[in-house]
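Trainee: Could we go through this model together? I would like to take it a topic at a time.
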Amino acid sequence: MCGIFAYLNFLLPRKRKFILETLVNGLKRLEYRGYDSAGVAFDVQGHMPSGDEGDNQQLLKIRLIKKQGKVNALNEEIFSQKDFELDSELSTHVGIAHTRWATHGVPNEVNSHPQRSSTDNEFVVVHNGIITNYKDIKLFLEEKGVKFESDTDTEVIPKFLKYLYELQLDTYPTFQELVEQVVHNLDGAYALVFKSSLFPGEVVAARRGSPLLIGVKTGRKSQSDIIPVTISEFSKGGRSLSATPHKPLLTPTSGEGRSFDHQEMSMEYFFASDASAIIEHTNRVIYLEDDDVAAVDGTGRLSIHHLKQGETDIPNSREIHTLKMKLQEIMRGSYDYFMQKEIFEQPESVVNTMRGRVNFDTETIVLGGLKDHISTMRRARRLLFIACGTSYHSTVATRQLLEELTEMPVMVELASDFLDRSVPIFRDDVVFFVSQSGETADTLNALKYCKPRGALCVGITNTVGSSISRETHCGVHINAGPEIGVASTKAYTSQFIALVMVGLVMSEDRISMQARRKAIIKDLQRLPGFIKEVLTLDGEILKLAKSLYQERSLIVMGRGYNFATCLEGALKIKELTYLHSEGILSGELKHGPLAMIDTQMPVIMIIMKDGVYTKCINALEQVSARAGRPIIICDRDDTEMEKKAFHCLKIPKVADCLQGILTVLPLQLLSFHIAVLKGYDVDCPRHLAKSVTVE
């Protein structure tokens with residue numbers, strides 16, 4: 001939920017101003033992950049205390065600057081300071097930065113990160129995730145006389161680190177060893193980056209459950225794109241907080257003593273929660289795995305240790321990947337908001353989802369990521385789809401088609417509820433995990449629940465290298481491109497299409513389904529043009545938004561293939577406009593929701609000429625009879641709707657199972673325009689973050 005960014009320049013002189021600008025710009029790229037406060041930690045110089053040996057010697061000090069509010073507020077605070085030299089040139093330097101989405105403690109400067117070990121800032125850390133046993137650690141440290149200043153779970157980490165350091169002064173532990181001892185005692189989810197005045201020019205990062213990657217930039221090409229991993233095994237007596245810390249017993253894999261081969265050349269390392277913060281600097285990245293601890297020591301060498309937690313078959317290396325993302329993909333261009341840009345990118349994003357997979361000439365579909373597992377999927381007992389939020393709605397939208405094409409039971413599950421119920425999973429189940437980021441905590445935990453039970457696990461994500469894409473047996477990348485706006489738009493329509501393609505591939509051997517499959521594939525080809533046509537309604541939808549933005553509630557109603565559109569449209573209205581909104585199944589109108597209908601309640605109804613058209617007309621009559629004001633999204637050739645509607649939005653007709661892609665677009669635009677009219681930040685709605693990496 002939070003955004004982490006760190007920058008190390010080794011033997012590459014950089015002015016402090018450049019370093020601070022790099023840190024702030026990294027946070028701006030990650031601001032969609034959290035934006036209630038932000039902070040940075042960087043080096044300054046201070047004199048040794050009088051009377052110590054080397055009176056005039058300079059001692060490294062770490063300066064923290066933290067600010068409540070968005071990253072721009074932090075930027076103004078940094079460059080308004082007068083007590084450090086911006087033009088000072090630093091040959092080797094580590095800076096860490098953080099933008100916060102509050103979980104423990106209200107948004108303020110004390111609770112924002114980096115969190116520190118004491119007022120001397122010997123150890124500082126930035127953290128994304130939740131430490132579930134922080135109260136136990138805090139109690140342990142308080143009994144040792146340690147004082148706390150914040151309400152966060154994170155503060156226990158640097159304070160525990162300092163405690164272990166002081167306990168082992170006579171043994172000279174390395175920075176990486178100290179961090180390993182700390183994280184060995186942590187429960188929960190975390191991505192952590194540490195900096196210390198006691199270990200100048202060094203940085204240590206650790207990950208479990210929250211995403212973290214390292215960008216590598218060198219003056220020349222390295223001889224190897226493989227980083228060997230050393231396994232750290234802790235004593236088997238269980239984890240405990242005691243006066244004697246656990247010391248790691250290093251069990252090297254092949255390549256002992258080797259690390260990233262830099263041969264004392266200048267290097268730059270970038271640590272971030274997401275590739276969008278790194279791509280403008282380098283396209284070479286390493287994805288850390290759960291229980292990895294990565295360190296850059298004082299010689300500029302990168303090494304990775306893996307804290308063994310009882311696993312077998314641990315990979316003994318990490319590969320340096322080349323990002324295919326382009327910088328312009330994460331820029332707003334001519335649009336005022338990222339969400340606006342992403343709505344209007346959908347004619348291209350749906351093409352990218354289908355590119356190389358759908359052959360419209362032969363009417364065939366190939367999903368390379370599933371190719372080796374299709375026969376297993378066709379023999380499955382049932383298909384389960386597990387997701388959260390918008391991703392969940394994409395599974396609801398395609399459930400009916402998947403049932404029709406595969407003739408199998410299809411279950412769609414909210415990940416959090418699935419885990420609460422401990423749903424029985426069998427070896428002949430196929431379970432799909434749908435997540436835009438590939439890091440959604442509840443969905444990832446559901447994957448960890450299902451995989452050991454023998455089910456075939458399939459990932460549907462938008463992020464190459466994400467945890468879900470790495471830990472599932474197979475999957476489909478939706479290729480929608482980076483989505484920066486917190487409220488998902490183009491990822492939803494691309495997930496929708498990806499799941500439709502899964503159904504089409506699974507049914508390609510069914511003779512009875514061939515006519516249906518060909519009709520769907522034909523309309524997939526026409527879909528980008530139809531999306532462009534719907535987006536031309538933007539001006540009309542803006543006028544509608546002006547008549548609705550002062551309302552306090554909106555109902556969105558439909559059924560059949562468009563019920564998911566109602567859920568997703570209502571979610572967008574809630575996310576962006578802070579209005580109460582509810583997606584209602586038209587068939588349930590008489591079972592309670594009809595009581596809310598009156599002249600003051602705007603009702604958006606989706607009525608398309610499909611298998612439930614007559615039933616939707618019945619619901620419309622019931623709304624009209626209660627003096628409701630129906631705003632109808634309908635087929636462009638449906639003249640009857642104009643007579644019955646308070647306002648009518650007409651869209652092209654496609655195959656019923658694809659109609660939800662077109663009907664959701666007016667609701668995306670409507671929620672966007674209402675939010676702008678109300679003066680809200682469309683890209684960063686209050687209390688929300690893009691990637692939900694905590695439960």
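Trainee: Is Val 682 buried or exposed?
Mentor: Val 682 counts as buried, at 1% relative accessibility; buried means under 20% relative accessible area, exposed over 50%, and partly exposed in between, with a 1.4 Å probe and protein chains only. Please note that this is a predicted model, in which local features need pLDDT of at least 70 and side-chain atom pairs count only at pLDDT 80 or more, while totals for chains, interfaces and linings use all residues. Residues are numbered from 1 along each chain as its sequence is written, and side-chain values use heavy atoms, with hydrogens and water left out.

Trainee: Where is Val 682 found, and which residues is it in contact with?
Mentor: Val 682 is found in the segment after H19. Helices (H or I, at least four residues) and strands (E, at least two) are DSSP runs, numbered from the N terminus. Leaving aside neighbours within four places in sequence, Val 682 is in contact (heavy atoms within 4.5 Å) with Tyr 337, Met 339, Leu 576, Phe 672, Ala 675 and Val 676.

Trainee: And how is H19 placed against H13?
Mentor: The axes of H13 (residues 490-506) and H19 (residues 659-677) come within 10 Å and cross at roughly 170°. Axes are lines fitted to C-alpha atoms, for helices over the stretch in contact, and angles run from 0 to 180 degrees between N-to-C directions. The two helices H13 and H19 are therefore roughly antiparallel; angles under 35 degrees count as roughly parallel, over 145 as roughly antiparallel, 65 to 115 as roughly perpendicular and the rest as oblique.

Trainee: Which residues meet there?
Mentor: Tyr 492, Thr 493, Phe 496 and Ile 497 in H13 meet Gly 660, Ile 661 and Val 664 in H19. By class, that contact of H13 with H19 has five nonpolar, two polar and no charged residues. Here Ala, Val, Leu, Ile, Met, Phe, Trp, Tyr, Cys and Pro count as nonpolar, Asp, Glu, Lys and Arg as charged, and the others, Gly among them, as polar.

Trainee: How many residues of H13 are buried?
Mentor: 17 of the 17 residues of H13 are buried, so H13 is largely enclosed by the rest of the structure.

Trainee: Changing topic: how many disulfides are there?
Mentor: A search of the whole structure finds zero disulfides, a disulfide being a pair of cysteine sulfur atoms within 2.5 Å. For Cys 2, the nearest cysteine sulfur, that of Cys 684, is 14 Å away. Cys 2 is buried, with a relative accessible area of 7%.

Trainee: What about the backbone: which peptide bond is cis?
Mentor: The bond from His 113 to Pro 114 is cis, with omega near 5°. Pro 114 lies in the loop between strand E6 (93-100) and strand E7 (115-116). Most residues other than glycine have a negative phi, and most peptide bonds are trans.
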